[in-house]
Amino acid sequence: MNLLTPEQIAAAQKANLEMWFGLTNKAFESVEKLVELNLQAAKSTLAESQENAHRTLSVKDAQELLSLQTSLTQPAAEKVLSYGRHLYEIASATQAEFVRVAEAQYEEQSRKVQAFIDNVAKNAPAGSETAVSVLKSAITAASTTYEAVQKATKQAVEIAESNFNAAATAASKAAQQAAAQASRAAKK
């Protein structure tokens with residue numbers, strides 16, 4: 001009983017190579033996006049620092065300096081939050097692509113294993129029904145376990161995303177409140 005032909009092995013190797021290059025390209029795309037985000041953040045920070053330095057040097061008294069610092073607090077906090085959101089989006093998109101590929105690979109392997117089990121069952125000698133049944137049960141149990149883990153992982157990712165969004169919203173509100181309080185304190 002010949003299980004795999006040379007053509008099947010070559011096709012499997014080609015498919016695995018294509019998958020590997022696809023994931024590698026996706027990883028490089030994500031790194032490019034991350035580098036671009038960091039360059040934009042660095043440029044923006046440099047320009048804002050220069051502008052803020054000029055504004056600080058033109059301040060006439062301590063009250064005006066405190067007011068200037070207060071006015072810069074909220075935009076800085078919001079920029080940090082925005083950077084975090086962009087970073088999260090890049091990581092999330094990359095992770096989603098890797099999960100999609102892993103799920104496709106799992107489904108393909110499951111089909112192949114099922115075909116293999118069916119082939120074994122057809123060609124098994126008389127009296128080996130129990131062994132084939134145990135093998136099928138083991139495969140079914142492994143599939144069920146994988147699906148449960150996959151479902152739990154998806155739920156964990158959804159919870160993490162929800163927590164990230166809630167934290168970002170809370171941080172934004174806190175920055176707004178701090179800026180408002182500082183502004184009121186500067187006016188007193």
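On the surface, Leu17, Trp20 and Phe21 make up a nonpolar patch whose accessible area is about 330 Å² when the residues are taken together. Trp20 of this patch lies in helix H1. The model that shows this is a predicted one.

The overall fold can be described next. The protein chain has three helices and zero strands, and along the sequence the pattern reads α-α-α. The radius of gyration of the protein chain is 29 Å, whereas the globule rule gives 16 Å for 188 residues; the value is well over that figure, so the chain is more spread out than a compact globule. The C-alpha trace spans about 100 × 30 × 10 Å along its principal axes.

Two of the helices can be followed in more detail. Helix H1 covers residues 6-57 and helix H2 covers residues 62-123; their axes come within 12 Å and cross at roughly 180°. Because angles over 145 degrees count as roughly antiparallel, H1 is roughly antiparallel to H2. The contact of H1 with H2 is made by residues of several kinds: 16 are nonpolar, nine are polar and seven are charged. In general, the angle between the axes and the distance between the axes describe two packed helices.

The structure holds six salt bridges. One of them joins Glu48 to Lys79, with the closest N and O atoms 2.6 Å apart. Glu48 belongs to helix H1 and Lys79 to helix H2, and the two residues are 31 residues apart, so this pair links distant parts of the chain. The Glu48 and Lys79 salt bridge thus connects the helices whose axes cross at roughly 180°.

Notes: Residues numbered from 1 in each chain as written. Predicted model: local features only at pLDDT ≥ 70, side-chain atom pairs only at ≥ 80, totals over all residues. Heavy atoms only, no water. Axes fitted to C-alpha atoms, helices over the stretch in contact; angles between N-to-C directions. Helix = DSSP H or I, 4+ residues; strand = E, 2+ residues; numbered from the N terminus. Parallel < 35°, antiparallel > 145°, perpendicular 65-115°, else oblique. Nonpolar A, V, L, I, M, F, W, Y, C, P; charged D, E, K, R; others polar. Patch = residues over 30% accessible without salt bridge, like charges linked within 9 Å, V, L, I, M, F, W, Y side chains within 5 Å. Areas by Shrake-Rupley, 256 points an atom, 1.4 Å probe, with all protein chains shown as cover. Salt bridge = Lys/Arg side-chain N within 4 Å of Asp/Glu carboxyl O. Rg over C-alpha atoms; globule rule 2.2 N^0.38 Å.
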